[in-house]
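This report describes the architecture of a protein model, moving from whole chains to single residues. Please keep the sequence and the structure in view while reading.

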Amino acid sequence: MSPEKNNDDDAAPGGALKEAESRLHYAVRELSQASWVITLLSVLVALVVGALLILATNPQVQGTLGYFFAQPGDFFLTSFEVIRDAYSALFRGAVYDWQAATPERSIRPITETLVNAVPLILAGLGIAIGFRSGMLNIGGQGQIILGATCAAFIGYAFQLPVGAHLLLALVGGALGGAIWGGIAGVLKAKTGANEVIVTIMLNNIALYLIAWLLRQQWFVQTGSNQPIAAPVDESARLFGILGTGFRLHAGIFLAIAATVFVWWLLERSTLGFEFRAIGENPEAARTAGVNVPKATALVLIIGGALCGLGGAAHLLGTEYRLAAGIAGTLGFDAITVALLGRSKPLGTFLAGVLFGGLRAGGVLMQAQTGTPIDIVLVLQSVIVLLIAAPPLVRAIFFLPHPDGSSRSSRRRRLREQQAAETASQPAPRQEVTK
Amino acid sequence: MSEQPTQEPGAVAVKAEPRQEVDTRLQPIKWKFPITYVLLGLLSLGVFALLSPTGSVTQFRLATASDIVTLPAVNVPSFATALVLSVLQLGLAALAIFAAARRIRLGIWHPMLFGLLFVLAFLVYAGAGRGAFIPVVTLLAGALMLSVPLIFGAMCGLVGERSGIINIAIEGQLLAGAFLAAVAASFFTSAYVGLLAAPFAGAAVGGLLVWFAVKYHVNQIIVGVVLNVLVIGLTSFLYSTVLTQNAEMWNARQQLPRLPIPGLSQIPILGPVLFNQTILVYLMYVIVFALHILVFKSRWGLRMRAVGEHPKAADTVGINVPRTRVFNTVLAGGIAGLGGAYFTVGQGLAFGQEMSAGQGFIALAAMILGRWNPKGALLAALLFGFSTSVGQVLSTIGTPVPSEMLLMLPYVITIFAVAGFVGRVRPPAAEGVPYIK
């Protein structure tokens, strides 16, 4: 069930390279197998799709279409300008703003990208651990909500010294997420309940739980009927690391540390080895002495803890006040982040930064060019869909199949094979369409 | 689909309901359900009856002002009524214990009657001495209204999963259907055009899902999750651009008219709830009934189940597995698209961002709780709709129970169900597994 398995069918069989093939052909083939090329091309396709959407909905462009046959140049020029404006705003909002008044404001976008990336990376890592262990944790949303809720409550209800308060709030957040993930994990381990269904249900339960909590005075401690909790104390906030004018907070160190931790856990620890083993083949893992139920529960507990930590970092670093919409679409974004990162720690980190950048850039793009930020969702989903289907990307760019044969030769081989099969069968009963 | 005569004997030999295994061995007595009944009965007695203030009354309103046959409102003494209902529940619980000890199987009437009594006791308690009516017709009409998209979505999920394709994208299909229905209805200023267009949107999402699943063997759950994001992104983007730039042309409200069925719609209480509806709701009745028959009694249904349970065997007898999966998933998408139309033209609303609001996921839960069975999924979806409706009605009249807890109930029940409490829930064997010849 792990996403990596999808790539099995296009892994190179490792056959000998035919001498007849040219060096160039070989190079192209190597490239088309590299996962980063597929990623790059997927991003490219997504940007093209996004550009088409922007064009199709832009009134200026529609205006030039009215006299397209009289002056086609206008249409292309306007289209180019619209796309250039939108995507340059996206870039300026995400990386470096060369139009900003002060140097400080110029570099602010990249820090905003990192601010957005922090919860995405943490939660994405939590989801990725599940993927590597063959479990689809769709419950990031619920785990983030629980993490943020616990962290917030500790943040304003308790009075503690500076360091301890923050630490306790973070631990509480991780614990909240771990409990929510743990419910799914323990149920799967004990009863075999499908974790996809349980985590989806837990997402919705978390939504109503937070709605209920925000109506309780003992919980919100604000003295008003607004469904929003009191702000967390200064001592529990993730402190800013670049001074005033920047929102970037210490959560980024947390994200880096978590990335290293997950790498160590999955690649270097015994427990991580067991996780990957049950992901690859639970039967074999059980035969080899892995306590499969225990490992199953632990995967979702640790994954939930990371998601909860993501929610806590989001609350303690940027939001400060708990509201019903605290998680936004973070939970589902985290799934796409883990998929884009191919469930590898470093990949997830980079994917989190990319999607954080899209989000940060999307804000500026919406403000300056009126392109709704929702286009970011389209870009994200197209990227992830294409990454999951490398043969489709190769087909779009006419790249050769990894086994080195061209499309026509493969078709010919398939036909010969089918002919042989039909010949060997005494009575052709089946329709052979494949 | 082409037919092979060689298959016919097999089709006849496999009787309906092959999923119920006959086991002649003596099973250990299951005390789980009798114990649950006793606990619920005691809860009803201890909370609903004993906590109802003595001397207070609960008022039930059995008709709305527009009904032809207007039943008078009913006032019942809260404490006595809840007490009687609780005692009846405990009687049913005792019957369940007796039946379990004697290994007698009680029919479906038993849990349904128990549930009805429990809900009534709860309503009596919730409305005790509040001075407000409990509007029974509004409650039931609301339940049906909230169930419509769930039922369409559950039927969509059922057809897809029975053919081996896990559909997490029901949410996206509902949303796409709602979007296209609103846009088409507004553009042609006819709600019926919207209704015709909606299935195509759902089918398109279903087509994408099955394309990635069958052709590229991508994990179906992943495609489903991503497709949801894609549809939310696309519809929200188009909503913020085209639909808001010219709302009169693209997003004007259109409503399917109500078509009361003469005679039937005048039955007290149930008539106006069930038979004074739009064509979409009548279509839903037809679809559920048709699937109930077709899934288990038709060639199409047999092939669908074969492909979902054991594709290799199905392939061996000449069923084209990929083609069956593609056809059924696209068809299922169409059903979900129709359900999406209910959000916009069905209720006379304009399209709003993310207006499906997670209903697709509840539909998925309803399908699982209904054990991949049209009848079960229907009942589960109605249960979910009813508990949401109770939550909404009670939150307006004010109750001792937080409405959030009631709204949470469907999800909690589903978790119990998949954790094996409500019998064994078994999905089609080959769902989610790409078929590679």
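## Burial and overall make-up

A residue is called buried if 20 or more other C-beta atoms lie within 10 Å of its own C-beta atom. By this criterion, buried residues make up 47% of the 434 residues in chain A. In chain B, which has 437 residues, 49% count as buried. These values, like every other value in this report, were computed from a predicted model.

The secondary structure of each chain can be listed briefly. Chain A contains 18 helices and zero strands, whereas chain B contains 17 helices and five strands. Contacts between residues at least 6 apart in sequence can also be sorted by their separation along the chain. In chain A, 74% of these contacts join residues at least 24 apart; in chain B, the corresponding share is 77%.

## Domains of chain B

Chain B is divided into two parts: domain 1 covers residues 32–131, and domain 2 covers residues 144–418. The C-alpha centres of domain 1 and domain 2 of chain B are separated by 32 Å.

## Where the chains meet

How many residues of chain B are in contact with chain A? The number is 43, and they touch 46 residues of chain A. On the chain B side, helix H8 (220–245), helix H15 (359–369) and helix H17 (403–418) each supply at least two of the residues that touch chain A. H8(B) provides the largest share, with 17 residues.

## The nonpolar cores

The largest nonpolar core has 252 residues, of which Met155(B), Ala181(B) and Ala366(B) touch the most other members. Helix H8(B) gives the largest share of this core, 15 residues. Domain 1 (32–131) and domain 2 (144–418) of chain B both contribute residues to this core, and the core therefore lies between them.

The surroundings of Met155(B) can be described residue by residue. If residues up to four places away in sequence are not counted, Met155(B) touches Ile287(B), Val288(B), Leu291(B), Ile335(B), Pro374(B) and Ala377(B). There is also a second, separate core of seven residues; among them are Leu302(B), Met304(B), Ala314(B) and Val321(B).

## A sheet in chain B

Three strands of chain B form an open sheet with mixed pairing, in the order S2-S1-S3. Strand S2 (74–77) and strand S3 (133–135) of chain B are the edge strands, since each pairs on one side only. Neighbouring strands of this sheet are turned against each other by 30° on average, with direction ignored.

Strand S1 (residues 57–61) of chain B pairs with S2(B) in the antiparallel sense, over four bridges. In one of these pairings, Gln59(B) has Asn75(B) in S2(B) as its bridge partner.

## A buried glycine in chain A

Gly181(A) belongs to helix H7 (residues 162–191) of chain A. Is Gly181(A) buried or exposed? Gly181(A) is buried because 34 other C-beta atoms lie within 10 Å, and the cut-off for burial is 20 or more.

Several partners of Gly181(A) come from elsewhere in the sequence. Leaving aside neighbours within four places, Gly181(A) is in contact with Asn137(A), Gly139(A), Gln143(A), Leu300(A), Ile301(A), Gly303(A), Gly304(A) and Cys307(A). As for Gln143(A), 38 residues separate it from Gly181(A) in sequence, while the C-alpha to C-alpha distance is 6.4 Å.

## Two residues with positive phi

Which residue in the loop between helix H14 (330–340) and helix H15 (345–369) of chain A deserves attention? The residue is Ser343(A), which is not a glycine and yet has a positive phi, near 60°. Ser343(A) counts as buried because it has 24 C-beta neighbours inside 10 Å.

In chain B, Trp372(B) has a positive phi of about 60°, although it is not a glycine. Trp372(B) lies in the loop between H15 and helix H16 (374–397) of chain B. With 23 C-beta neighbours inside 10 Å, Trp372(B) also counts as buried.

How values were computed
Residues are numbered from 1 along each chain as its sequence is written. Chains are lettered from A and ligands numbered from 1 in the order in which they are written. This is a predicted model: local features need pLDDT of at least 70, side-chain atom pairs count only at pLDDT 80 or more; totals for chains, interfaces and linings use all residues. Two residues are in contact if their C-beta atoms, placed from the backbone, lie within 7 Å. A nonpolar core is a set of buried Ala, Val, Leu, Ile, Met, Phe, Trp, Tyr and Cys residues joined through C-beta atoms within 7 Å. A residue is buried if 20 or more other C-beta atoms lie within 10 Å of its own, exposed if 12 or fewer, and partly exposed in between; C-beta atoms are placed from the backbone. Domain bounds come from an automatic or database domain assignment. Two strands pair if DSSP finds at least two bridges between them. Axes are lines fitted to C-alpha atoms, for helices over the stretch in contact, and angles run from 0 to 180 degrees between N-to-C directions.
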